[in-house]
Number of protein chains: 2
Amino acid sequence: MATASLHSLLLKTQTTTNGYFFKNPITPPSQNISFPNKSLSITCATQVQTQSPTTPKSQSQDRIFNFAAGPATLPESVLKKAESELYIWRDSGMSVMEMSHRGKDFVSIIEKAESDLRLLLNISSDYHVLFLQGGATTQFAAIPLNLCKPNDSVDFVVTGSWGDKAFKEATKYCKPNVIWSGKSEKYTKIPSFEALEQDPNAKYLHICGNETIHGVEFKNYPVPLNKDGILIADMSSHFCSKPVDVSKFGLIYAGAQKNVGPSGVTIVIIRKDLVGNAQEITPVMLDYKIHADNKSLYNTPPCYGIYMCGLVFEDLLNQGGLEQMSVEKSVRSLMNVPFTLEKSELEAEFIKEASKEKMVQLKGHRSVGGMRASIYNAMPLAGVEKLVAFMKDFQSRHG
Amino acid sequence: MATASLHSLLLKTQTTTNGYFFKNPITPPSQNISFPNKSLSITCATQVQTQSPTTPKSQSQDRIFNFAAGPATLPESVLKKAESELYIWRDSGMSVMEMSHRGKDFVSIIEKAESDLRLLLNISSDYHVLFLQGGATTQFAAIPLNLCKPNDSVDFVVTGSWGDKAFKEATKYCKPNVIWSGKSEKYTKIPSFEALEQDPNAKYLHICGNETIHGVEFKNYPVPLNKDGILIADMSSHFCSKPVDVSKFGLIYAGAQKNVGPSGVTIVIIRKDLVGNAQEITPVMLDYKIHADNKSLYNTPPCYGIYMCGLVFEDLLNQGGLEQMSVEKSVRSLMNVPFTLEKSELEAEFIKEASKEKMVQLKGHRSVGGMRASIYNAMPLAGVEKLVAFMKDFQSRHG
C-alpha cells in the first residue's frame with residue numbers, strides 16, 4: 001500500500017461479482033488522450049476484510065483529513081512553519097501581515113516565491129510571473145480585455161462549469177465561440193483534439209485544465225490551429241501537481257487555493273510579448289502591463305497569501321520538485337474524484353460516518369451531488385489509505 | 001504622558017527659541033473643518049533632557065515599533081490569537097486557510113466578521129457589507145461601473161494622490177470632474193465645503209477620507225448638492241479609527257491593510273438601492289450585485305484575511321468600540337504624520353538611528369520624501385512615546 005494512491009488502490013479491486021457499489025461517472029476518453037487505458041469506474045470488491053480506519057502516525061492529533069476541493073488541505077510542515085513565524089518573521093520584529101509591501105523583507109519574500117515557482121515549472125525569462133487578486137474569475141475578464149479587440153474571435157473548449165463561466169464572461173469583451181462542449185454528456189469527457197473545429201483566426205484557444213466539479217482533467221494539450229494563436233489554460237486546480245511545458249502556452253492562470261496556498265492569490269504566467277495591448281476600458285487592476293511593470297507591486301498585493309505560496313513552493317522544491325511529486329503520483333489520475341453510491345440513499349450516511357472518522361469535505365459539489373474526494377498535493381497518502389479502508393468497510397456493512 | 005498621543009506630545013513643545021527642527025507641511029485648513037485650532041507644525045524644543053529610548057514593558061521582546069503606512073502594525077493580542085489557532089482552528093481539525101469557504105466553520109467566521117463590523121460602525125440593514133479583493137484601486141473602476149452610465153457626470157474633491165488615481169480611473173467609465181484639487185499646494189489642504197462648485201447633476205461626490213502620502217484627513221464631510229447624489233468615500237486609511245455616520249454615505253470602501261487586517265481584503269459598505277445597475281462591460285467580479293446576492297461568496301473569497309479582520313473587529317469591540325477608541329485618541333489628529341528635518345541631510349541618519357532603536361518604516365512615501373509616522377489603531381502609546389523621546393534626543397544631539 002505504501003506507494004499507491006487513491007486511484008490505484010481503487011482500480012486494483014475493479015472486478016467484483018456483486019456489481020458496482022461505488023461509481024465514478026468518468027468514461028474512457030478519446031484515444032488521443034493519455035488517460036490510463038482502464039475504465040476509471042471506482043469500484044470496490046465486497047469480499048474484503050473489515051478494516052477499522054485509524055488515524056495514521058503521520059497525522060497530528062486533532063488534524064483531520066480534509067478532502068475539500070478548494071480551499072484545500074495544506075502541507076503540515078508548511079502550516080507549522082507559518083505558525084512558528086506568524087508573530088515575528090525572522091529578525092524583522094513583525095509579522096509578515098504587518099510588513100510594508102515595498103520593504104526589503106517582503107520584497108525578499110515575493111522575489112523568492114517567484115524564483116522558486118520559476119524553478120518548479122521551469123519558466124523561462126520569456127514569461128512574466130504575476131501575483132494578483134480576485135481568483136480565476138477575475139481572469140475570465142482580464143484575458144480577453146488584455147489580449148483581444150472587441151471583434152476578435154476566440155475558441156473555447158468547455159469541459160465543465162469553470163470553462164463555461166470563462167466563456168460567458170468573455171462574451172463581454174470579444175467574440176468567443178464554444179467549439180466543443182461536454183455539457184450534453186454531463187461534462188464527463190475530454191474531446192479528441194483532431195475533431196476540434198478551430199477557427200483559423202482565433203486569437204486564442206482556451207481550456208480549463210482540470211474541472212473541479214466534474215473531475216475531468218486534460219492529460220495533454222491541444223495546439224491552436226492559428227499559427228499566431230495562443231493556448232490559454234485555467235490550471236487553478238492542478239497547478240503545480242505535475243510538470244507542465246509552459247512554453248506551449250501563452251498564458252496560464254491559477255487561483256492558489258488548491259495546491260499552492262490559501263485563497264486570495266491568483267498566479268498568472270504570461271508570455272512577455274502578449275502584454276501591453278489592453279482595451280481602453282480595462283480596469284487598471286486587470287491590466288497585465290501595470291502589474292508586470294511593477295513586479296506585482298502596483299498596489300498592495302495579498303502579502304500573507306504570497307508568503308504562504310512561497311512556503312509551499314519551497315516545500316515542493318525540498319521534496320525534489322514536481323517531477324518527483326508526479327512520479328510518486330503517477331497513477332493518480334485526477335485531482336478531484338467524484339463518486340456516487342449504487343444505493344444513493346446511503347450517501348448521507350457515508351458522509352456522516354466518514355466525518356466521524358475525521359475525513360471531511362467529501363460531499364459533492366451542490367450542482368452534481370454525490371461525493372467528491374479532492375486529493376491535491378498536500379493530501380498525505382495516509383488520508384487516501386484511510387478513505388479506501390473506510391470505503392471497503394462501509395461497503396461490507398451496507399453492500 | 002500616559003494619555004497623550006504623538007500629536008499632543010509634539011504640539012506641547014511647539015514654541016522654541018531655536019526655530020523649527022522638525023517640520024510638518026500641513027497648514028491650518030479652512031474654518032469649517034474641525035481640525036484642531038492649532039498649527040500642526042511638528043516641532044521640538046531643543047532644551048530637553050536627553051532621554052534614551054527604551055523598549056516599553058507592553059511590547060514583547062523582539063517586536064519592533066512599525067510605523068508603516070500599510071500594511072501596518074496589528075494588535076499584538078490579535079496576532080497571538082491568530083498564532084494560537086493557525087494550525088488548527090477550534091474543533092475544526094484544520095487551519096482557517098484550508099477550510100471550504102462554503103462550509104459551516106468559515107461561514108460562521110465571515111458572518112461574525114460582518115455582524116461585528118455592523119456593530120462597530122452602527123451600519124443599518126439598508127446597507128450591504130461586502131468583503132472583496134483587489135484593494136481600493138479595484139474600487140476606483142467598480143464604483144463608476146456600478147453607479148454610472150457612460151455619460152453621467154460625477155464630482156471629485158482631490159486632496160492627495162489616491163483621490164487623483166480614483167479620478168483618473170473613473171474617466172474610463174463616466175464623465176468625472178475635479179471640482180477641487182490641492183495639488184498646487186502640494187496636497188496640504190482640505191477645501192471649504194461652501195466654496196465647492198458641485199455639478200447639480202453629479203451622480204456622486206467622491207472624496208478620499210484620509211490621504212496616506214500627504215497626511216490630510218477630512219474631519220467632517222461635504223453634502224452632495226444634487227439631492228439624489230450620493231457621497232462616496234475611500235476610507236482605506238482611517239477606517240474604523242473613529243465612529244462614522246454611515247447613513248451620510250452611499251458607499252464607503254476601504255482596503256483592510258491599515259487599521260483592520262492584512263492586505264488582500266477590501267471592504268465595501270453600499271446602500272442597497274444602489275446595487276443592480278452595473279454597465280454591461282462590468283467584469284463579474286466588479287459587479288456589486290453578484291457579491292451582494294452571494295453574501296461575498298460568489299467565488300472563493302480571501303478567507304484568511306477575512307478571518308484576521310474578524311479578529312480585529314472583535315478586539316475593537318472588546319475595547320469598547322470605536323467611540324472608546326476615538327476618545328482615547330481625541331488628540332490624534334492624523335493617521336499619517338509626514339515630517340521633515342530642517343537639515344534635510346540628517347534625514348537618512350534619523351531613519352537609520354530610529355531603526356537601530358527598533359522603530360521602522362519611518363521613511364516618507366517615495367513621491368514626497370522626508371519621514372512619515374503612521375499611527376493606526378494598533379500602534380501602542382509606547383511606540384509613540386518612544387518616537388517622541390527619540391526625536392527629542394536626536395534634536396539635542398544634532399540641533
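Helix H7 (303-318) of chain A and helix H7 (303-318) of chain B each supply at least two residues of the lining of the second largest cavity in this predicted model, helices being DSSP runs of H or I with at least four residues and strands runs of E with at least two, numbered from the N terminus. H7(A) gives the most, with three residues. A cavity is a set of points on a 1 Å grid over the protein atoms alone where a 1.4 Å probe fits but cannot get out, and lining residues have an atom within 4 Å of a point. The second largest cavity has a volume of about 120 Å³, the volume being the space filled by probe spheres set on the points. Of its 14 lining residues, Ser263(A), Pro302(A), Gly305(A), Ser263(B) and Gly305(B) lie nearest its centre.

The structure holds eight cavities of 30 Å³ or more. The largest has a volume of about 250 Å³, and Gln133(A), Gly134(A), Thr138(A), Gln133(B) and Gly134(B) are the closest to its centre among the 26 residues that line it. Elements that each supply at least two residues of this lining include strand E3 (127-132) of chain B and helix H4 (135-147) of both chains.

Chain B can be laid on chain A with an RMSD of 0.1 Å by a turn of 180 degrees and a shift of 0.0 Å along the axis, with least-squares superposition on C-alpha atoms of residues with pLDDT of at least 70 in both copies. That is the relation of a two-fold axis.

Residues are numbered from 1 along each chain as its sequence is written, and chains are lettered from A and ligands numbered from 1 in the order in which they are written. In this predicted model, local features need pLDDT of at least 70, side-chain atom pairs count only at pLDDT 80 or more, and totals for chains, interfaces and linings use all residues, while side-chain values use heavy atoms, with hydrogens and water left out.

Conventions
1 Å grid on protein atoms, 1.4 Å probe; cavity = no way out; pocket = protein on both sides within 12 Å on 5 of 7 lines; lining within 4 Å.
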